Amino acid sequence: MLPSRRRVLHLVPLAAGILRLRAADMIVRSVRPEDFEMPLDGFNTWITPTERFFVRTHVYTPKVDLARWQLRVEGKVAQPLSLSLAALREFPRAELVSVLECAGNGRAFYRPTVAGLQWEYGSVGNARWTGVRLADVLKKAGYQENAREVLFNGADVPIGTMPDFVRAIPLPKAMHPDTLLAFEMNGQPLTPSHGFPLRVVAPGWAGDNWVKWLTTIEVRDQEFDGFFMKTAYRYPARTLAPGASVDPADMTPVHSLRPKSVIVSPIDGETLAPGAVKIRGAAWAGEYGISSVEVSADSGRNWRTARMGPDRAKYGWRFWETEWSGGRAGSYVLMSRATDDAGETQPLIEEWNPSGYLWNTVPQVRVEVGTAVAPPRAEPIPAPPSFPPQLKDACLGCHGEDMIGGQKLTRPQWEREVDKMIRWGAPVKREDRDGIIEFLLSHFGPRR
Ligand SMILES: Nc1nc2c(c(=O)[nH]1)N[C@H]1C(S)=C(S)[C@@H](COP(=O)(O)O)O[C@H]1N2
Ligand SMILES: [Mo]
């Protein structure tokens, strides 16, 4: 199915402590589990309101009972701890603004296509996070000298026999004064979708490190080798030809985000009156600041430096804008290119990787100046196919049709996905496997 743009209902805690239903316009990538993308117009506010902040969840959102909730700190520590939220609030308060971006943001743009949620620009947001420093909690527990990394587990439980979502970060990042255990987002307690009551804030690092619904912190002297560390969230150590396969052993964990910019206005396909036009957008660069954003209005021949907006924070995104005098009537491709304080810049050509992580290719927006030349008529959107009963039984027990139909995969890719789901407990009869794959391929085959 095509992603639907729906009014998503969110529970927003008000100051009075009551809950109110509020609607926010989001792109729904999956209803169950919750995977919601912020539309492009979300980049119009420097702080992303919580109800417009993207949601990425591998499993169903757990309901945590605060009265019974405790954070355990264990492993290679002198003194294991068990902390209530009130006890945690006794540590010095820490607060910062940071971008949170999913490693898979932009996955939809990779060619050949890659399995997984087909995020475009908006599995990213910029919020104010409040809590305590992870380092203070680790010092209280007294981590041992041989400590190497810190493992986080949350209250969410896997679906079927899929592996648990458990993530580790190396000790230096864990001890960094900006790495937080946050209980507030934008001045309010975390909402259930964003990790109530406590989540990791790992500024500058991809979202998978920001574990939600945190219950256990384990200090380790050895690398954790669970699925979400050893297999998922890895990036090839050297550049690859598009579509090439690579052994996970030749991949390194995704850590820091890379410099990236988005053009927020004009939007792709817009018709502009002749005359001056403001081009504007947002840019961010993980653990580094943005040193410049350059903009081209002529397919990348000439670049001008954009003005940076006044709102800034070490890990926050930065607005930028520039005036373009506008061209003669015709069709133009606008581009933006961010460079960070470490000198790294966005590539013009995508660098493909097997899981479609860290997309940061220079964005392109095509606009028409003057009287619009009618663009080619869009193909009508085909009605969604009705799923055969074997496929409904096998897949829809755990997730919606949207999670399947959003993907456009090749035969080997669908085979891998179906076999992975079978391993993770999807009820597929042996004789039904091939038919399911044929159905998926005929309706959700690769994009041309
Ligand atoms: N416990 C737990 N934490 C999690 C996840 C999860 O599935 N379970 N998803 C991670 C991923 S991949 C991302 S991108 C971020 C998304 O955070 P958000 O939903 O608050 O935007 O949460 C991370 N933390
Ligand atoms: Mo993610």
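Q: Which cavity does ligand 1 take up?
A: This is a predicted model, in which local features need pLDDT of at least 70 and side-chain atom pairs pLDDT 80 or more, while totals for chains, interfaces and linings use all residues. Residues are numbered from 1 along each chain as written, chains are lettered from A and ligands numbered from 1 in written order, and side-chain values use heavy atoms without hydrogens and water. A cavity is a set of points, on a 1 Å grid over the protein atoms alone, where a 1.4 Å probe fits but cannot get out; a molecule sits in it if more than half of its atoms lie within 2 Å of its grid points. Ligand 1 takes the space of the largest cavity.

Q: In what order do the five strands of the open sheet lie?
A: Strands pair through backbone hydrogen bonds, either parallel or antiparallel. Here strands are DSSP runs (E, at least two residues), and pairing requires at least two bridges. The order is β18-β25-β24-β20-β21, with mixed pairing. Because β18 (271-272) and β21 (304-305) each have a single partner strand, one side of each lacks a neighbour in the sheet.

Q: How many bridges join β20 and β24?
A: Six bridges join β20 (residues 290-296) to β24 (residues 330-340) in the antiparallel sense; E294 has R337 of β24 as its bridge partner.

Methods
1 Å grid on protein atoms, 1.4 Å probe; cavity = no way out; pocket = protein on both sides within 12 Å on 5 of 7 lines; lining within 4 Å. Helix = DSSP H or I, 4+ residues; strand = E, 2+ residues; numbered from the N terminus.
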